[in-house]
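We will go stop by stop.

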Amino acid sequence: MSASDNMIPAPAVRSRPLIVRHLPYFIGAAVLVTLAAGMRFDGYILNILLQATTFSIAVFGLSVVLGLCGQINLAQAAFFGFGAYVVGLGTADLHLNFWLCLVGACAITLVAGAFLGMSTLRLGGHYLAMVTISFQQIVTLVMINAIGITHGPDGVANIRRPELFQNSQSYLAFCVAMLAIVGYLVWHLPDTKLGRAMRAVRDNELAAGVNGIDVFRTKIYAFGICALLGGLAGGLFAGGFAYVSPDQFSFAESIVFLTMSLLGGVASPIGSVIGTGLLILIPEWLRFLKSVPGLYLAIYGLFVILIIRFMPDGIWGFVADAFTRWRAHTKAPPAAAALQLKPATTGGDIVLEVTGLSKHFGGLKAVDGVDIAVKRGGVHALIGPNGSGKTTTLNVLSGLYKATSGRIVLDGTDITTMAPHQRTAAGLGRTFQNIRLFRSMTALENVEIGAERRGNTMVGKGDDALTERAMEALTFVGLGSRANELISSFSYGHQRLIEIARALASNPTLLLLDEPAAGLNSTEKLELHELLKRIAAQGLTILIIDHDMTLVSEAAQHITVLNFGRRIADGESMAVLRHPDVVSAYLGSE
Amino acid sequence: MDLVLQLLFTGIGIGAVYALVALGFVLIFRATNVVNFAQGEFSMVAAYLMVVFSVDLGWPYWLSFLLALAGMALFGVIFNLGVYYPLRNRTYLPVIIATIGASILLSNSVLAIYGPQPQVLQGWFDTPGIQLGPVYLDSQYLLIIAVTILLVLFNFWFFEKTLLGKKLQATSQDKEMASLLGISVSTMIMITFIYSAVLGGLAGILVAPVLFVSIQMGSTIALKAFAATIIGGFGDVAGAIVGGLALGVIETFGAAYISVPYKDGFAFLVLIAFLVFRPQGIFGERVAEKA
């Protein structure tokens with residue numbers, strides 16, 4: 001095999017290599033660039049095309065942050081302006097090289113975006129919306145008032161272009177080429193590791209965290225990329241129009257970007273281009289709208305409300321959705337090998353050692369000094385009546401709650417203070433009592449996210465190895481043939497199996513199952529029991545929480561019983577179930 | 001020292017306006033778990049209604065005032081039905097975006113009708129103010145402070161002592177349970193929007209003689225009011241009021257001692273500082289999303 005096969009993962013499941021499948025895109029892009037360079041446009045058309053091209057790149061940024069990652073950014077015009085001013089001031093006042101300024105614009109906006117994100121992305125989306133608006137206002141204030149640097153309301157004139165593209169037409173062709181390249185990257189992003197992480201964060205932050213995704217960092221990446229694309233677009237814009245002024249980068253412009261993104265379809269770069277093109281052309285066609293100040297922005301505002309209500313996925317989203325549904329039913333998933341589970345064995349005989357674990361909510365001691373020792377290779381059950389602290393214990397184990405006191409050691413590693421995704425990397429897999437899957441993805445994509453766990457030794461390099469591993473896990477739970485269907489088309493019981501497959505694909509050292517039998521009918525419960533046996537047979541240790549006594553007594557060799565947050569019994573299954581305290585906790589005492 | 005007292009008075013006066021709008025924010029947030037980004041436009045619309053009735057039509061001030069508030073109540077109904085209600089079962093993101101759309105729609109519609117020139121609205125009193133020792137007390141600021149105090153007392157009485165207030169509280173805390181107890185959740189949310197629109201409107205009418213009536217007044221006030229809610233502690237009624245007053249004072253002193261053009265920037269800097277160092281605000285409401 002040649003060297004290129006190492007860079008682009010060899011596709012075992014897909015019939016043709018990536019580069020061949022995407023060839024039409026590049027041919028189309030090349031045609032567009034040639035057209036932009038070769039056709040004779042008058043100045044007016046040229047300006048509109050240049051505006052549409054650069055705005056589209058800025059809107060790509062929103063498609064990443066809002067469409068892929070589900071975070072809002074109401075300061076895209078500020079980042080756009082940032083980029084424009086860096087290139088403007090750099091080339092006009094400091095006489096620096098255009099390329100240097102463009103790279104500088106990208107770097108500065110990336111840092112600004114990442115920094116802004118770090119200050120708020122841990123908090124809810126409302127904060128982000130407000131903080132980005134605030135940032136936008138500050139940037140505008142500085143542009144207008146820091147006259148010594150920015151020339152204030154007069155703006156920056158005489159912005160230069162690179163030597164190579166002095167001619168407007170050639171500069172347009174260059175911008176179209178940039179649009180094509182950035183568009184390709186953004187289009188491809190959802191299928192990369194980072195892109196999947198972003199989608200997982202958007203769909204369900206909690207589940208993303210316990211499946212090994214660093215939620216905070218993923219959001220910062222998305223925000224940084226968005227800001228960077230804004231900066232790049234702004235830099236190109238400044239070079240194209242040779243003059244920039246603060247009013248071009250106001251909050252209203254951020255709203256225009258948002259409207260473009262929503263109208264075309266926020267989830268795809270194609271939507272970005274459609275939305276941007278339409279919203280640049282429509283006001284040109286309906287010029288009378290611009291004669292009354294405020295009127296066309298008022299219409300944009302109305303558009304936003306109507307799109308959100310009636311067409312939440314935008315124009316392209318509507319088209320693409322129909323296409324995906326059609327494809328999901330036609331494309332048969334490839335067959336897969338048997339799933340191999342090789343849990344790590346770095347620690348001793350005890351996989352999970354919990355000592356003196358407490359979790360207090362104010363005065364309520366939900367979990368109070370609990371000790372659990374889970375032996376390697378067995379099924380260990382944690383049971384107790386309602387309100388006994390089982391699920392709280394599980395949430396503390398997986399890192400969703402911080403322990404008030406106590407120590408958790410997983411396979412020799414102290415994980416007490418780790419974030420959820422770090423625990424996953426350390427070898428913890430879990431499922432949820434109320435299923436938390438990524439609902440906009442297919443079953444296969446959900447499981448791929450699990451397989452992507454850092455430190456998963458059972459997955460080779462590249463996307464295809466990932467797909468293979470995910471297929472094996474889905475086949476293991478009996479759903480391999482439906483891998484390409486969206487989550488919403490699966491029954492409740494099957495969704496639970498997909499959640500288990502997602503955890504298994506990560507090849508965990510310990511699998512935590514939170515009431516896996518809840519809501520299942522008797523046939524499904526039998527299937528679940530069989531599945532647990534097959535998992536245990538491969539040597540994977542399971543810690544299961546459930547109410548179903550039949551399942552627990554048959555599947556588990558070892559049981560820990562909680563009541564009122566304390567451990568009341570612990571030991572070999574049959575002995576524990578006959579323990580008088582356990583009987584009275586469940587059935588009451590006389 | 002005289003200047004300090006004078007600035008303190010002005011700061012509290014302007015802060016009281018932020019506090020009123022912040023209160024409107026908090027009430028809607030508690031009822032719907034959504035931040036209404038058009039809250040500031042409520043104030044702007046009310047101020048323009050005042051201009052229509054009192055300046056354009058020349059009706060008496062008190063009548064215009066009552067009509068403007070009645071108009072705001074109606075506006076609250078329309079806003080709820082047009083913007084929030086259709087999206088009530090979606091996540092917060094679409095709702096935020098829709099309220100932002102509404103904010104743009106409102107401010108630019110008014111721009112299209114009235115043009116960019118700010119309008120002038122008379123104050124309530126003919127006397128411009130009184131001199132109290134070294135401090136000049138502007139009559140409109142005195143009115144703003146007095147109304148804010150009254151409203152805070154009213155708010156306390158309404159939510160703690162009346163059945164309707166308790167129903168509203170129950171709805172904001174647990175919608176499903178409230179509806180199982182026979183409380184109509186959609187009616188409660190409607191009432192919240194009406195109350196919040198009137199509150200925002202009141203703030204707009206009160207501040208209009210001080211700030212001029214302009215299309216930007218809404219977004220400026222709203223951003224500061226939101227900053228106030230974060231400084232005070234998000235979702236906390238007392239926090240909104242304390243945060244609003246604090247912000248008014250900080251901003252007035254900042255403008256006097258540091259820089260006038262960047263006056264509007266101080267609020268945002270304080271906001272970002274709070275988000276980084278004390279995101280739960282002064283009153284320490286928990287901000288993380290529930291697990």
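**Before you click.** This is a predicted model: local features need pLDDT of at least 70, side-chain atom pairs count only at pLDDT 80 or more, and totals for chains, interfaces and linings use all residues. Residues are numbered from 1 along each chain as its sequence is written, while chains are lettered from A and ligands numbered from 1 in the order in which they are written.

**Stop 1: chain A.** Select chain A. Its C-alpha trace spans about 90 × 55 × 45 Å along the principal axes. Chain A holds 26 helices and 10 strands (DSSP runs: H or I of at least four residues, E of at least two, numbered from the N terminus). Of its 590 residues, 50% are buried (20 or more other C-beta atoms within 10 Å of the residue's own, with C-beta atoms placed from the backbone).

**Stop 2: a helix pair.** Select residues 168-188 of chain A, helix α9, and residues 215-241, helix α12. Their axes come within 10 Å and cross at roughly 170° (lines fitted to C-alpha atoms over the stretch in contact; angles run from 0 to 180 degrees between N-to-C directions). That makes α9(A) roughly antiparallel to α12(A) (an angle over 145 degrees). Now show side chains. A:Y171, A:C175, A:M178 and A:V182 of α9(A) meet A:L229, A:L236, A:G239 and A:G240 of α12(A) (contact: C-beta atoms, placed from the backbone, within 7 Å).

**Stop 3: an enclosed helix.** Select residues 390-398 of chain A, helix α18. Here 9 of the 9 residues are buried, so α18(A) is largely enclosed by the rest of the structure. Among them are A:K390, A:N395 and A:L397. Step just past α18(A): A:G399 takes a positive phi of about 95°.

**Stop 4: the sheet.** Which order do the strands of the open sheet take? In chain A the 6 strands run β6-β7-β8-β3-β9-β10, with mixed pairing (strands pair if DSSP finds at least two bridges between them). The edge strands are β6 (428-430) and β10 (566-572) of chain A, each pairing on one side only. β6(A) runs parallel to β7 (residues 510-514) of chain A, joined by 3 bridges.

**Stop 5: where the chains touch.** Bring in chain B. The contact takes 37 residues from chain B and 36 residues from chain A. On the side of chain B that touches chain A, α4(B) gives the most, with 15 residues.

Definitions and conventions
Buried ≥ 20, exposed ≤ 12 C-beta atoms within 10 Å, placed from the backbone. Parallel < 35°, antiparallel > 145°, perpendicular 65-115°, else oblique. Contact = placed C-beta atoms within 7 Å.
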